[in-house]
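Please look through the sequence and the three-dimensional structure shown here before reading on. The report is meant to be read beside them.

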Amino acid sequence: MSTYKIAVIPGDGTGPEVINEGVKVLKIASDRFGFDLDFTWYDYGGERYLRTGEVLPEAAVEDLNQHRAIYLGAIGHPDVKPGILEKGILLALRFALDQYINLRPVILYPGVDTPLKNKGPEDIDFVVVRENTEGLYTGAGGVLKKGTPDEVAVQESINTRKGVERCIRFAFEYCKRRNQKKKLTLCGKTNVLTYAFDLWERTFYDVAREYPDIATDYAHVDATCMWMVKNPEWFDVIVTDNMFGDIITDLGAMIQGGMGIAAGGNLNPDGVSMFEPIGGSAPKYKGKNVINPMAAICAGQMMLDYLGEIEAAKAVEDAVKKVVSQDLKSLSAGRMGYTTNEVGDLVADYIMG
Ligand code: IPM
Ligand code: MN
């Protein structure tokens, strides 16, 4: 029987509540499909930082590196200045573990409401491959004459051939394996970011030559936003840089039913990957048992898929589809018609059959 060592970081706000339901579902799936998940819990997050002054202990990366995957709730605390925990934990782990892909499916499940008029599950079914270790996120840049009228702030976008190429290669491979429309769209801004996206564009068409079966397309990021709303059915896989990927996947989350369902994976295909619901820590709902755990459950499903437990992943996905189409009144916190725990139980029950 396979055993997978999983590091669990519930984090802040409603993170622990949704992660509990995710772990509940993962345990049921592992029992049912005959593998073992060996969970180790880590208390990284805002509370720990406020108590100790430390975002991540020195041994954190080494510890986490001993696992097959990380299951993360949410990072962000109302009493901690914005940026400290995000940079010190979430981004630090993405960078230290070289999780160079952020994979974000935008899939509308049957029965889920989308704000897009006249669009349904057959129209909203694509995946964004976001570069996750470069671009505007590296922290390159600096400030001069801070706090004076002459202040200068520079924040640079770093794009390396190596970083861009491995992301684009992943996207082509993923598109091939997904085996749907077999269309990969590069989302960029070649008309303004003439250095960065020139590199992206050249690399994209270089790699494309190795994938004659995949149709290629290009859209500027602003147009991508427009098409995601107007004609989402045009997309199959979108590949883009870190910042644009961040922005368009929030739009993606909204058209697939909201933060209650949107999940993502920070992938290092040769290392330790980290799976998370993409909504935040939602502190105002903390401890109320009203938050929707479905996004965390979907992140768990992505983790099973990545571990190669395909049948279990499929069973979780089928159960999620049943719950959202048959049981929940809404995906929004407090309006589901069920508590956080009950939603986890419903998914678990459907997996048990
Ligand atoms: C996300 C988040 C993070 C990001 C923040 C919290 C740093 O918005 O995962 O999309 O910008 O990547
Ligand atoms: Mn984001």
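## About the model

This is a predicted model, in which local features need pLDDT of at least 70 and side-chain atom pairs count only at pLDDT 80 or more, while totals for chains, interfaces and linings use all residues. Residues are numbered from 1 along each chain as its sequence is written, chains are lettered from A and ligands numbered from 1 in the order in which they are written, and side-chain values use heavy atoms, with hydrogens and water left out.

## Two helices

Helices and strands are DSSP runs numbered from the N terminus, where a helix is H or I with at least four residues and a strand is E with at least two. In helix α9, 12 of the 14 residues are buried, so that the helix is mostly covered; buried means under 20% relative accessible area, exposed means over 50%, and partly exposed lies in between, using a 1.4 Å probe and protein chains only. Among the buried residues of α9 are Met294, Ile297, Gln301 and Leu307, and Cys298 also counts as buried, at 7% relative accessibility.

The expected span of a helix is 1.5 Å times one less than its number of residues, and for α9 this gives 20 Å, which agrees with the 20 Å between its end C-alpha atoms. Just after α9, glycine 308 takes a positive phi of about 90°.

Helix α4 covers residues 84-96, and its buried residues include Leu85, Gly88, Ile89 and Arg94. Aspartate 98, which follows α4, has a positive phi, near 50°.

## Loop positions with positive phi

Asparagine 179 is not a glycine, yet its phi is positive, about 55°; this residue sits in the loop between α5 (161-178) and β8 (183-188). Alanine 282, also not a glycine, has a positive phi of about 40° and lies in the loop between β12 (273-277) and α9 (294-307). At 24% relative accessibility, alanine 282 counts as partly exposed.

## A surface patch and the cysteines

Leu144, Val152 and Val154 make a nonpolar surface patch of about 240 Å². Valine 152, in strand β7 (residues 152-155), is partly exposed, with a relative accessible area of 35%.

A disulfide is a pair of cysteine sulfur atoms within 2.5 Å, and by this rule the count comes to 0 disulfides. Cysteine 187 is in no disulfide, since the nearest cysteine sulfur, that of cysteine 225, is 7.1 Å away; cysteine 187 is buried, with a relative accessible area of 0%.

Notes
Patches are made of residues with over 30% relative accessible area and no salt bridge: like charges are joined within 9 Å, nonpolar side chains (Val, Leu, Ile, Met, Phe, Trp, Tyr) within 5 Å. Accessible areas come from the Shrake-Rupley method with a 1.4 Å probe; for residues, only the protein chains shown count as cover. A salt bridge is a side-chain nitrogen of Lys or Arg within 4 Å of a carboxyl oxygen of Asp or Glu.
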